[in-house]
Amino acid sequence: MRKPFKSVFKKSIIISTLLASALLLGACENKQPVYNSNFLAFGTVMKITLVGIPREKAEKVSALLESDFEKMHEMWHAWQPSPVSRVNVLIANNEAFASPPSLLPLLTRSIQLSEKSDHLFNPAIGHLIDLWGFQNSKALQRKPPADDEIMRLLKANPRMSDIIVDGFHIRSNNSQVRLDFGAIGKGYGVELAIKRLQELDVKNAIVNAGGDIGSIGSRDGHPWRIAVRSPSGQGLVALIHASGKESIFTSGNYERNFVWEGETFHHIIDPRTGKPAKGTASVTVIHPDATTADAAATALFVAGPTKWHETAIKMGIKHVMMIDTDGTIHMNPAMAARTDLQGSKHEVKISKAL
Ligand code: AMP
Ligand code: MG
């Protein structure tokens, strides 16, 4: 379902997508050729922007990325038959088995990032995600799970550190570990896509995965400007400048949720309570590596307004914007320097440096 089209950029023209949680803005008039394409992957609209390469090559590069993303999605999907779902069956036996090689790098990165986040980013809580029904985004109204079911899973305390990786073999010390890479898979995919672009000698590009962005280079020598959507759903909250190899990822409570008896339950679960994390509306993180950015956005969302700063330090994150559920924007000074806030309705708190 790829739809290549050539776009003519005017000053500040906005490329928007219905499904995107952020927008990408071009800077100044365009001197180099720009090629845009979009396709579906990871359950979202992927938009590829390639600057300064001939159309014929751009079409080939885009087709390659589309096929890469399709394979990645098939490999890492936890909720349909895939290498991950097969591993989830085997892992429950507490015995060592040979892992699909395609899974090992993602697994290893997930273990490291989970430990750095003090397990706030915890892709081992697949059973909790399943219990809440967030593997299935369709039902808008449903009853939240009973407290005793949540408690049963909390007591089992599944963590990525329960998984032992020994060469190609993996084993879990905890039969309640169930992998769900929903909070990191897209980031890892964007990182691989950026590497692929670099191998193909593409120097200036954006990979926009439904509003989560991986960028390289610049836009005719100007920084890319990435728009972050307001968690309230009304317009933009900020424009963030990006140049060189950088990724900008956002976790938001608006992305997937349901309502029950007037209360909204969103999809980012606090592994300490087994319930949707409280206090955060969205977190945006910039990091050179998209995998880290994705995992960190989820971890800092869970950490919430009081703990995001210390969690960012533990994870080595230097740029954070967190919007709490009262609408206050928290940023570290380096993030504030990279951000043009849009509108003035938010109170802004600048934290200590990271
Ligand atoms: P993201 O939008 O990157 O924050 O990822 C959210 C998705 O990750 C959810 O839909 C779940 O599949 C999964 N998830 C929810 N809570 C957590 C958590 N604390 N750690 C890791 N994955 C999570
Ligand atoms: Mg994430």
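This is a predicted model: local features need pLDDT of at least 70, side-chain atom pairs count only at pLDDT 80 or more; totals for chains, interfaces and linings use all residues.
Mentor: Residues are numbered from 1 along each chain as its sequence is written, chains are lettered from A and ligands numbered from 1 in the order in which they are written, and side-chain values use heavy atoms, with hydrogens and water left out.

Trainee: What makes up the protein in terms of helices and strands?
Mentor: The protein has 8 helices and 22 strands. These are DSSP runs numbered from the N terminus: helices are H or I with at least four residues, strands are E with at least two.

Trainee: Why is the protein called as compact as a globular protein of its length?
Mentor: Its radius of gyration is 20 Å, and the globule rule gives 20 Å for 354 residues, so the protein is as compact as a globular protein of that length. The radius is taken over C-alpha atoms, and the rule is 2.2 Å times the number of residues to the power 0.38. The C-alpha atoms fill a box of roughly 60 × 45 × 40 Å along the principal axes.

Trainee: Why is Asp294 called buried?
Mentor: Buried means under 20% relative accessible area, exposed over 50%, and partly exposed in between (1.4 Å probe, protein chains only). Asp294 has 7% relative accessibility, so Asp294 counts as buried.

Trainee: How do you know whether His319 is buried or exposed?
Mentor: His319 has 15% relative accessibility, so His319 counts as buried. It is found in strand S19 (residues 319-324). Leaving aside neighbours within four places in sequence, the residues in contact with His319 (heavy atoms within 4.5 Å) include Thr284, Asn332, Met335 and Leu354.

Trainee: What is said of the phi of Asn94?
Mentor: Asn94 has a positive phi of about 60 degrees although it is not a glycine. Asn94 is found in the loop between H2 and S6, and at 32% relative accessibility Asn94 counts as partly exposed.

Trainee: Why is Glu261 called exposed?
Mentor: The relative accessible area of Glu261 is 71%, so Glu261 is exposed. Glu261 is found in the loop between strand S14 (257-260) and strand S15 (263-266), and has a positive phi of about 50 degrees although it is not a glycine.

Trainee: Which residues of helix H2 (residues 83-91) are buried?
Mentor: They are Pro83, Val84, Ser85, Val87, Asn88 and Ile91. These buried residues pack against helix H1 (55-76), strand S6 (97-98), strand S7 (163-166) and S8.

Trainee: How much of the protein counts as buried?
Mentor: Of the 354 residues, 55% count as buried.
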